[in-house]
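Dear colleague,

Please find the structure below, handed over for your reading. The findings follow it, grouped by region.

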Amino acid sequence: MNFVNEPELDLTQEAVQKHLQQAFAQLDATDTPDIPLVIGGKRIYTDETLASVNPAQKSEVVGNLSLAQPAQIDDALAAGRRAFQEWKFISVADRNQLATKLVNLVREHRYELIAIIVEESGKNVGEADGEICELIDFIHAYMIGMEQLKDGLDYLVPSPVESREARYLPLGVGAAIAPWNFPLAILGGMVMGAVLAGNAMIMKPSSDTAVVGYRLFELMEQAGFPTGLINFITGKNAEMGDYLVKHPKLRFINFTGSKQVGLHINQLAATPQPGQIWIKRVVAEMGGKNAIIVDDDADLDQAAAGIISSAFTMQGQKCSANSRLIVLDSVYDQLLAKVETRMKALNHDPARANGDVGPVIAKRAFDKITSYIDYGKDNPEQNTLLVGGNYDDTQGWFIEPTLFEVTATSRIFNEEIFGPVLGVIKVSSFEEALQLANDTAYGLTGSLYSKNQAHIKTVVDDWYVGNLYINRKTTGAVVYQHPFGGFNLSGTDGKTGTTNYVQQFLELQSVTNHHG
Ligand SMILES: NC(=O)c1ccc[n+]([C@@H]2O[C@H](COP(=O)([O-])OP(=O)(O)OC[C@H]3O[C@@H](n4cnc5c(N)ncnc54)[C@H](O)[C@@H]3O)[C@@H](O)[C@H]2O)c1
Ligand SMILES: N[C@@H](CCC=O)C(=O)O
């Protein structure tokens, strides 16, 4: 199979706009759905529910989610185990055939999925469409990955007296615990990477975006993945999440989310529970505190455009977002003038009109992000407000794109805020810039704007991040172009969209048959 990136929609086309309008109108006309748990193919609606709301219009409920209890986690793992006993023997070709059906269903339901993503996550139409492409690309990449891995190792030394084989086996039943910010692509990629490798999965979306997660689950069912192979679960983190993570029958966890939750899960998973006969494998892709360095010979217009896109697209709610800007003093004023002009030009159209500035995901995020803005305003010795700083949660959770000039000790410069707040710092040498960029426990993305070949070589050699970019924004990795994943406390570097990614959900068995 050859890999080709899924093309994005041309949003300027009248026909595309019409399809989008129809999809939004249809969504508006639909009753608020009750979202069940799906365990072994059985739909379970719980009495107690949790509302998923539209962050741009917080009074609007997008769906009511069911809340799993421990007994239902037990059942989901048992259903997964049963399905796994058969699925592990299904050929890669047959698994990939179902994946192809899923890809076609995602294409068929593209506009509907975009509308739900926009409504539930607050991202704009272009970003939502990007998720459709990324999900399809992930699925194709993992299909290819399994084609490459299915015959095992091909470099064992042959022997006249033994036949030797080293082959990949799936692990068992895993859980995909996904973040809200790529509710289709990341959730779907996390589930499909493991399922195509031959595992069964508990599919746990974020409660903020479980309606689109459920729609994707329905498409997986429709594609024909066997009953019980993928079980759909929503619930409260503390009650249900910890129980799931600690469960002795859970073989592995595929987590994407914050550092705090990822480390908590890693810690819980590390202790074997009574009846557990394996070391739980944890794949954890976590947060970032990503820097852009602007050198003294950089193309400043190119840099300003890249900074705005990296820091403020999706309200800065990408793990890859630029939140630390490090600028050489000789171009500092000039660059800042360009950044400020572009920030002020960002339009606040409602999300449906594909505007630049939308809401942040939830009250929890609004409170956290605005607490950093307040901290910045209240601590002038470390922070000077340059642009923005206003916020309003009357209708939805809206925060103005905000720029602070900061010192290296400012919390704005050091902690993941995960919102539209950028800290900028002036430095007097390139060496100081790189030293500051590396001075973090994270290691996800980084970007240098420069024409200086020696400086470019230095960052390639010495900037310790999973995704290093030169003269390009820090966000928007594309499958098969920019394998994505972080170093240090940004994660276990399970580069998404690669064969390496799939391999994390496999173990290698050596089989030797001595016939001499
Ligand atoms: N590195 C990456 O590829 C990547 C991609 C997207 C997002 N992120 C990071 O994710 C974060 C934003 O997403 P978020 O707010 O959804 O993250 P989060 O950590 O709050 O939640 C992630 C998932 O973990 C679940 N969870 C929370 N507590 C749990 C527990 N005790 N047990 C089991 N599950 C639990 C949540 O319900 C959710 O499904 C940011 O830090 C961002 O940088 C990283
Ligand atoms: N892979 C995405 C980020 C995913 C996390 O939020 C990017 O490259 O911007």
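**The three-stranded sheet**

Strand 1 and strand 5 (residues 57-66) run parallel and are joined by two bridges. Within this pairing, Asp-34 has Asn-64 of strand 5 as its bridge partner. The sheet to which these strands belong is open, has three strands in the order 1-5-4, and shows mixed pairing; two strands pair if DSSP finds at least two bridges between them. Strand 1 (34-35) and strand 4 (49-54) each have a single partner strand and stand at the edges, so one side of each is left without a neighbour in the sheet. Helix 7 (residues 210-223) lies across strand 1, strand 4 and strand 5, at about 45 degrees to strand 5.

This is a predicted model, in which local features need pLDDT of at least 70 and side-chain atom pairs count only at pLDDT 80 or more, while totals for chains, interfaces and linings use all residues. Residues are numbered from 1 along each chain as its sequence is written, chains are lettered from A and ligands numbered from 1 in the order in which they are written, and side-chain values use heavy atoms, with hydrogens and water left out. Helices (H or I, at least four residues) and strands (E, at least two) are DSSP runs, numbered from the N terminus.

Strand 13 (residues 322-328) and strand 18 (residues 421-427) run parallel and are joined by five bridges; Val-327 stands opposite Lys-426 in strand 18.

Axes are lines fitted to C-alpha atoms, for helices over the stretch in contact, and angles run from 0 to 180 degrees between N-to-C directions. Contact means heavy atoms within 4.5 Å.

**Helix packing**

Helix 10 and helix 11 (residues 329-345) pack at about 50 degrees, with axes 9 Å apart. That makes helix 10 oblique to helix 11; angles under 35 degrees count as roughly parallel, over 145 as roughly antiparallel, 65 to 115 as roughly perpendicular and the rest as oblique. Residues making the contact include Ile-307 and Phe-312 of helix 10 and Leu-335 and Met-343 of helix 11.

Helix 14 (residues 430-438) and helix 15 (residues 453-462) pack at about 25 degrees, with axes 11 Å apart. Helix 14 is therefore roughly parallel to helix 15. Phe-430, Leu-434 and Asn-438 of helix 14 meet His-455, Thr-458, Val-459 and Asp-462 of helix 15.

**Aromatic pairs**

Twelve aromatic pairs are found in a search of the whole structure. Rings of Phe, Tyr and Trp (its six-membered ring) pair if their centres lie within 6.5 Å; planes under 30 degrees apart count as stacked, over 60 as edge-to-face and the rest as tilted. Phe-3 and Tyr-480 form a stacked pair, 4.0 Å centre to centre with 15 degrees between the planes. Phe-3 lies in the segment before helix 1 (14-29) and Tyr-480 in the loop between strand 20 (467-470) and helix 16 (499-503), so the pair ties together parts that are 477 residues apart in sequence.

With kind regards
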